[in-house]
2 protein chains.
Amino acid sequence: MKCNVDYSLYLVTDRELMNALSLKEAVESAIQGGCTLIQLREKTASSLEFLNIAQSVKRVTDRYNIPLIINDRVDIALAVNAAGVHVGQRDLPAATVRRILGPDKILGVSASTLKEAKKAQADGADYLGVGAMFPTGTKTDAHLVSMDELRHIRKDVSIPIVVIGGINKTTVPQFIGTGINGLAVVSAILSARDIKAAAGELKNLFLQGGKE
Amino acid sequence: MKCNVDYSLYLVTDRELMNALSLKEAVESAIQGGCTLIQLREKTASSLEFLNIAQSVKRVTDRYNIPLIINDRVDIALAVNAAGVHVGQRDLPAATVRRILGPDKILGVSASTLKEAKKAQADGADYLGVGAMFPTGTKTDAHLVSMDELRHIRKDVSIPIVVIGGINKTTVPQFIGTGINGLAVVSAILSARDIKAAAGELKNLFLQGGKE
């Protein structure tokens with residue numbers, strides 16, 4: 001059974017953006033600051049390196065009872081018994097992932113159009129990562145999603161939505177009232193000098209916005 | 001149930017080595033020339049590209065009833081219901097792969113030392129790829145295995161062994177009498193102007209040797 005996941009602050013990792021901390025230290029600080037979900041993203045690691053990193057990070061997320069989602073690699077998710085997998089449009093199709101992952105794991109799908117969003121939901125996604133909302137250094141080729149497109153997606157799909165791409169304390173207020181379920185953040189947390197404080201600030205901004 | 005696999009001529013793909021043919025055309029010619037097993041190896045493709053290539057190649061291997069083995073990516077193997085997975089020493093550990101792949105799929109492991117070979121067998125490998133036997137352009141960082149080491153491995157492990165790395169018509173005769181089960185070949189087949197003829201020649205050389 002999947003638990004009722006709190007998507008409010010979703011850290012997506014990128015080791016290239018990090019300062020002196022190890023990834024597991026960064027993840028621990030982010031969780032202490034209020035991150036509710038961690039996505040481990042590794043684009044250049046060998047399978048063995050990815051596995052070792054996933055095991056190391058999972059020891060942290062398990063200690064805090066935070067779900068660990070693996071980017072792209074269903075085999076790594078199965079190998080470490082992660083909470084789920086997140087796939088983009090160039091990864092395995094959602095329906096394929098659902099089939100090999102089973103019904104009890106969390107499946108997230110990146111969507112930048114209403115069509116992709118509806119297809120992901122139909123194919124068994126548990127949540128959507130919608131973006132890129134703003135230009136960002138971490139994904140330079142991403143299609144930009146307008147606030148209007150986001151509202152259309154929110155209106156037409158029922159599964160939780162997190163926004164991604166250029167999410168930081170300046171941009172978060174724009175999402176107040178859009179009905180999204182959370183913020184997916186990379187550099188605004190990982191590149192911060194104080195990761196815990198940066199996560200805490202974003203979490204507060206989002207939760208305060210939600211209550212207005 | 002795993003069938004009694006014929007390892008005698010094992011094609012390992014490398015799209016960079018290919019001439020004008022598409023991969024599925026090359027694989028079909030190799031099978032017509034006598035290849036008994038195909039390993040699909042993709043080191044730079046996205047997951048979706050890898051999946052699409054695997055599905056395309058599997059339509060060919062299925063037609064000839066030839067097992068398709070996926071290099072490294074257990075999730076791709078599960079997604080296309082391939083016959084098995086081959087892992088190197090930088091991929092997921094054999095025991096992990098066996099656990100997530102189940103008992104009925106073929107698991108191959110690369111080994112370049114007796115220690116790796118024995119561990120792979122203990123961890124559930126169905127066969128070993130032993131090499132690199134000779135210097136080769138496709139894997140320049142590979143540890144070279146001497147004929148003595150190969151004999152030690154053959155003596156101490158019972159699962160089938162294929163040799164890899166610089167296997168071509170000049171080097172094949174050296175393996176006569178070593179008790180190996182097959183040849184794993186990349187460029188000597190894929191770079192040949194006539195793939196079918198190149199495969200046929202290697203197959204004959206190996207089978208004639210085995211009968212001497």
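A residue is called buried when its relative accessible area is under 20%, exposed when it is over 50%, and partly exposed in between (1.4 Å probe, protein chains only). The structure is a predicted model, in which local features need pLDDT of at least 70 and side-chain atom pairs count only at pLDDT 80 or more, while totals for chains, interfaces and linings use all residues. Residues are numbered from 1 along each chain as its sequence is written, chains are lettered from A in the order in which they are written, and side-chain values use heavy atoms, with hydrogens and water left out.

**Exercise 1. Describe the salt bridges A:Arg15 to A:Glu42 and A:Arg98 to A:Asp126.**

Step 1. The side chains of A:Arg15 and A:Glu42 meet at 2.6 Å, N to O.

Step 2. With 40% relative accessibility A:Arg15 is partly exposed, while A:Glu42, at 9%, is buried.

Step 3. For A:Arg98 and A:Asp126 the N to O distance is 2.7 Å. Because A:Arg98 lies in helix 4 of chain A and A:Asp126 in the loop between helix 5 (114-122) and strand 6 of chain A, this pair ties together parts that are 28 residues apart in sequence.

Step 4. A:Arg98 is buried at 15%, and A:Asp126 is buried at 18%.

**Exercise 2. Characterise the residues around A:His86 in strand 4 of chain A.**

Step 1. A:His86 is placed in strand 4 (residues 84-87) of chain A, and it counts as buried because its relative accessibility is 5%.

Step 2. The side chains of A:His86 and A:Ser110 are joined by a polar contact of 2.7 Å; such a contact is a pair of N or O atoms within 3.5 Å, where within protein one must be able to donate a hydrogen and the other to accept it, and residues adjacent in sequence count only if both atoms are side-chain atoms.

Step 3. Contact means heavy atoms within 4.5 Å, and, when residues up to four places away in sequence are not counted, A:His86 touches several residues, including A:Gln39, A:Ile69 and A:Ile70.

Step 4. A:Gln39 has A:Ile69 as its bridge partner in strand 3 of chain A. Strand 2 (residues 37-40) and strand 3 of chain A pair in the parallel sense over 3 bridges, where pairing requires that DSSP finds at least two bridges between the strands.

Step 5. From strand 3 (residues 68-71) of chain A, A:Leu68 and A:Ile70 point one way and A:Ile69 and A:Asn71 the other way, and all are buried.

**Exercise 3. Describe the contact between chain A and chain B.**

Step 1. Chain A contributes 19 residues and chain B contributes 19 residues.

Step 2. The area buried between the chains is about 1500 Å², of which carbon and sulfur atoms give 64%; buried area is the accessible area (1.4 Å probe) that two parts lose on being put together, summed over both. A:Leu48, A:Asp75 and A:Leu92 supply 30% of the area that chain A buries against chain B, more than any other three residues.

Step 3. Between chain A and chain B there is 1 salt bridge, which joins the side chains of B:Asp75 and A:Arg73 at 4.0 Å, N to O.

Methods:
Helix = DSSP H or I, 4+ residues; strand = E, 2+ residues; numbered from the N terminus.
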